[in-house]
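These are my notebook entries on one model. I set down what I looked up, topic by topic.

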Amino acid sequence: METNPHAFGRRIGELLDRIARVAREAQFSDGLNPAQWEALRYLARANRYSRSPGSLAEYLGCTKGTVSQTLIALEQKGYVIRERDPVDRRGMRLELSEAGRAAVERDPILALERAAEGLDDDVRGPLVKGLSRLLYDLQTERGIRRFGVCHDCALHCCDGHEAHPAGANHCGATGEEIQSGEEQRICANFATAAE
Ligand code: SF4
C-alpha cells in the first residue's frame, strides 16, 4: 500500500468514483432514475422547514428547473404531492404519498448500505469519520451549503441549555419546539458553530 499523501489521494478518488458509478447504475430501477431516487430519499428525511422545491434543489446541487422536471415525473408516478406551505402561503411544500413512502422502502441504495454493514467494526468508524471530513472540506472549498440535523446544529437549544428564551429542545432559528422524531431529520436551516 502506498504511503505518500498524493498516492493515497489518487487511490481514494478512484475508489469513490467507482463506488459512485456502482451506486448510480443501481438507481436506474423501478422506472426511476438516480435524481428521482435521491429526491424521494431527501423528502423521506427532510424536516418540515426543508420540504420545498428550493431546498431540494440546493440539497441536490442542481437548478430549480432540473428539480422541477424531477418533481413533475415523481408527481406523475404518484410518489410526491405538492401542496401550499401552511406557514408561507406563497411557497409550496412537498410530501411523499403512501406510494412514495413504499418506494423508499425498496430504495436500491439500501443494497449499498447492506454492503457497508458487512464491513468490520474497526473499518466502519474511521471510514465514516474520514468520508465526513472529506465531504465537509469539499463543501467548504466549493461554497456548497451544508444540510444537517438538530443534534449537530448550533441553533439547537437542547435540554440543559438556558441561553434561549424559548427553552429546551427548541429551534433557535424559528423558536418552535422540535417535536419527537424531528431531531434526526435533515434541515435546510442547519448551522455549524462557525456560521
Ligand atoms: S435546530 Fe437547526 S437543524 Fe434543527 S430545525 Fe432548527 S435550524 Fe434546523
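**Second largest pocket.** I looked up the second largest pocket and found a volume of about 170 Å³. On a 1 Å grid over the protein atoms alone, a pocket is an open set of points with protein on both sides within 12 Å along at least five of seven lines, while a cavity is a set where a 1.4 Å probe fits but cannot get out. Grid points are joined across faces, edges and corners, and the volume is the space filled by probe spheres set on the points. The model is predicted: local features need pLDDT of at least 70, side-chain atom pairs count only at pLDDT 80 or more, and totals for chains, interfaces and linings use all residues. Residues are numbered from 1 along each chain as its sequence is written, and side-chain values use heavy atoms, with hydrogens and water left out.

I then listed the lining of this pocket, where a lining residue has an atom within 4 Å of a point. The residues are R48, Y49, S50, R51, S52, D85, V87, D88, G91, M92, R93 and E176. They divide into six charged, three polar and three nonpolar. Here Asp, Glu, Lys and Arg count as charged, Ala, Val, Leu, Ile, Met, Phe, Trp, Tyr, Cys and Pro as nonpolar, and the others, Gly among them, as polar.

**Cavity.** I found one cavity of 30 Å³ or more. The largest cavity has a volume of about 130 Å³. It is lined by 15 residues, of which N47, C150, C153, C171 and C187 are the closest to its centre. By class I recorded ten nonpolar, four polar and one charged residues in this lining.

**Cysteines.** How many disulfides does the model contain? I counted zero, taking a disulfide as a pair of cysteine sulfur atoms within 2.5 Å. C150 counts as buried because its relative accessibility is 12%, and C187 counts as buried at 10%. Buried means under 20% relative accessible area, exposed over 50%, and partly exposed in between (1.4 Å probe, protein chains only).

**Nonpolar core.** I took a nonpolar core as a set of buried Ala, Val, Leu, Ile, Met, Phe, Trp, Tyr and Cys residues joined through side-chain atoms within 4.5 Å. The largest has 22 residues, and L40, Y42, L56, L74, Y79 and V80 touch the most other members. At least two residues each come from α2 (34-45), α3 (53-60), α4 (64-76), β2 (92-96) and α5 (98-105). The largest share, five residues, is that of α2. Helices (H or I, at least four residues) and strands (E, at least two) are DSSP runs, numbered from the N terminus.

For V80 I noted contacts (heavy atoms within 4.5 Å). Not counting residues up to four places away in sequence, V80 touches L40, L43, L71, L74, E75, L94, E95, L96 and S97.

**Y59.** I located Y59 in helix α3. With a relative accessible area of 34%, Y59 is partly exposed. Beyond its neighbours within four places in sequence, Y59 is in contact with Y42, F147 and I186.

**D30.** I placed D30 in the loop between α1 (5-26) and α2. Its phi is positive, about 60°, although D30 is not a glycine. D30 counts as partly exposed because its relative accessibility is 39%.

**Overall.** I counted seven helices and four strands, in the order α-α-α-α-β-β-α-α-α-β-β. Of the 195 residues, 30% count as buried.
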